[in-house]
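Have the viewer open as you read.

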Amino acid sequence: MKRAKDRKSLGQAMVELALIMPLLVFLLMAIATLGIAVNSKIAVTGAAREAAREYAIYQSVSRMRSRAEEFLIGSVTASEEDIAGHYTVTHRVDGDYVTVTVTYEQPVYVPGLMVLLGGGWMSDRMPLTSSATFKIEPN
C-alpha cells in the first residue's frame with residue numbers, strides 16, 4: 001500500500017515539474033538576455049557620448065560615425081558581424097551645440113520575450129537608443 005502511494009506522489013511531482021520547467025527556463029533566459037541588454041544600453045550611451053565629443057572637437061561626420069562604431073564594437077557583447085548593419089548614428093547641430101543619437105538593435109535570443117517588452121511576436125531585436133549633447137569647440 002505504501003509503494004502505490006509513493007508512486008503516485010512521484011508521478012505527481014514529475015507532472016508538476018514538466019508543467020513548470022518551461023516557465024523557469026524562459027525566465028532564466030529572459031533574465032540573461034535583459035542583463036546583456038543593460039550592458040548594451042550602457043555601451044550605446046558611451047558611444048553617443050564619444051561620438052558627440054568627437055564631432056564637437058573636429059566637426060567631422062565621418063570621424064563621429066567611426067568613433068561611435070569603434071566604441072560599440074569594443075563595448076557590446078556581440079560579434080562585429082552582428083553589430084554591423086544594426087546601428088545608426090545621427091546628429092543635429094543647434095547653434096553651438098551638437099546632439100548625437102545612437103541606436104543599436106540588440107539581438108533577443110528568447111522567442112516571445114519582445115511581446116512582453118512591447119514588440120512584435122516575431123521580433124528578434126530590441127532597439128536601444130541614447131543621445132548626448134556637447135558644445136561645439138571653436139576652431
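## An exposed spot

E80 sits in helix 3, residues 80-83 (helices are DSSP runs of H or I, at least four residues, and strands are E runs of at least two, numbered from the N terminus). E80 counts as exposed because its relative accessibility is 51% (exposed is over 50%, buried under 20%, partly exposed in between, with a 1.4 Å probe and protein chains only). Its C-alpha atom is 16 Å from that of I36, 44 residues apart along the chain.

This is a predicted model, with local features needing pLDDT of at least 70 and side-chain atom pairs counted only at 80 or more, while totals for chains, interfaces and linings use all residues. Residues are numbered from 1 along each chain as its sequence is written, and side-chain values use heavy atoms, leaving out hydrogens and water.

## The core

The largest nonpolar core has 29 residues, and V100 and V102 have the most contacts inside it (such a core is a set of buried Ala, Val, Leu, Ile, Met, Phe, Trp, Tyr and Cys residues joined through side-chain atoms within 4.5 Å). Elements giving it two or more residues include helix 1 (2-58) and strand 2 (97-107). Helix 1 gives the most, ten residues.

## A buried serine

S40 is in helix 1 and counts as buried because its relative accessibility is 0%. The S40 side chain makes a polar contact with that of Q106 at 2.4 Å (N or O atoms within 3.5 Å; within protein, one must be able to donate a hydrogen and the other to accept it, and residues adjacent in sequence count only if both atoms are side-chain atoms).
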